[in-house]
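Hi,

Here is the structure I promised to pass on.

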Amino acid sequence: MDTPWGYQIHSAPSVHYDALMDNGARALASAIGARVRQERQSRRWTLDQLAEVAGVSRRMVVSVEQGAVNPSVGTLLRISDALGVGLPALVEPPEPRRVKLTRHGAGATLWRSDSGGSGVLVAGTEPPDVVELWDWTLAPGDHHASEAHTPGTRELLQVQGGTVTVEAAGQAFTLDAGDAVAFPGDAPHSYANPGAKSARFSLAVFEPGVGSGTRPGTRSEAADA
């Protein structure tokens, strides 16, 4: 299953947002849909044009704009890349602010597992060089597998509690609280919780050149079908 900011998730267990559409999720989906529609119309693109550039189906674009689904992280990454705005721009008001404050609990929850895991985007910068700051919680057994992001993407991860296994660049690392790792995000990678307790980690993602038209050719929508 592909996921929200080219991520692909194979979690055990995990669910899409549409199974978790509480009021908060509906509000987020509606806000994302409005921003996508605004950005598309400002470029005078049709639904078909955005779908083609993003590499997703027209039906998916329509559903996103209508706020009818909480799309996966991977789908939102493809759409934000196509629009050249970066993922953080899709979950916050389009008002220019030099200082952006996110209070505790006010981040955008873009991934959830049915066992209590979550991926929350808490802060981000504007293009062309986009930095995303995430707060992740993995329940025991959760596994998040991500496809390659745009070329040059780098990730920094620090474990705040529990144990996290990171697979990147053909290597596997087991990290405990306080441990950190830096790795290329433009190759497939994954995070997992092999422990019996919940794990929490901070994740920073640097994606350079958003809007430059440089996108990997490996992203597909197969996991969203």
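Predicted model: local features only at pLDDT ≥ 70, side-chain atom pairs only at ≥ 80, totals over all residues.

Residues are numbered from 1 along each chain as its sequence is written, and side-chain values use heavy atoms, with hydrogens and water left out.

Back to the strands. β5 (residues 154-161) pairs with β8 in the antiparallel sense, over five bridges, and Gln158 stands opposite Ala180 of β8. β5 is also joined to β10 (residues 199-207), again antiparallel, by seven bridges; Val159 has Phe201 in β10 as its bridge partner.

These strands belong to an open sheet of six, with antiparallel pairing and the order β1-β2-β3-β10-β5-β8. At its edges are β1 (108-112) and β8 (180-184), each with a single partner strand, so one side of each has no neighbour in the sheet. Direction ignored, neighbouring strands are turned by 20 degrees against each other on average (axes are lines fitted to C-alpha atoms, for helices over the stretch in contact, and angles run from 0 to 180 degrees between N-to-C directions).

There is also an open sheet of four strands, ordered β4-β9-β6-β7 and paired antiparallel. Its edge strands, β4 (143-146) and β7 (171-175), each pair on one side only. The twist from one strand to the next averages 15 degrees. Within this sheet, β6 (residues 164-168) and β9 (residues 189-192) run antiparallel and are joined by four bridges, with Thr165 opposite Ala192 of β9.

Now the pocket (on a 1 Å grid over the protein atoms alone, an open set of points where a 1.4 Å probe fits, with protein on both sides within 12 Å along at least five of seven lines; lining residues have an atom within 4 Å of a point). The largest one is lined by 17 residues, with Val91, Glu92, Thr102, Ala106 and Val122 nearest its centre. β2 gives the largest share of that lining, four residues.

Happy browsing!

Definitions and conventions
Pairing = 2+ DSSP bridges. Helix = DSSP H or I, 4+ residues; strand = E, 2+ residues; numbered from the N terminus.
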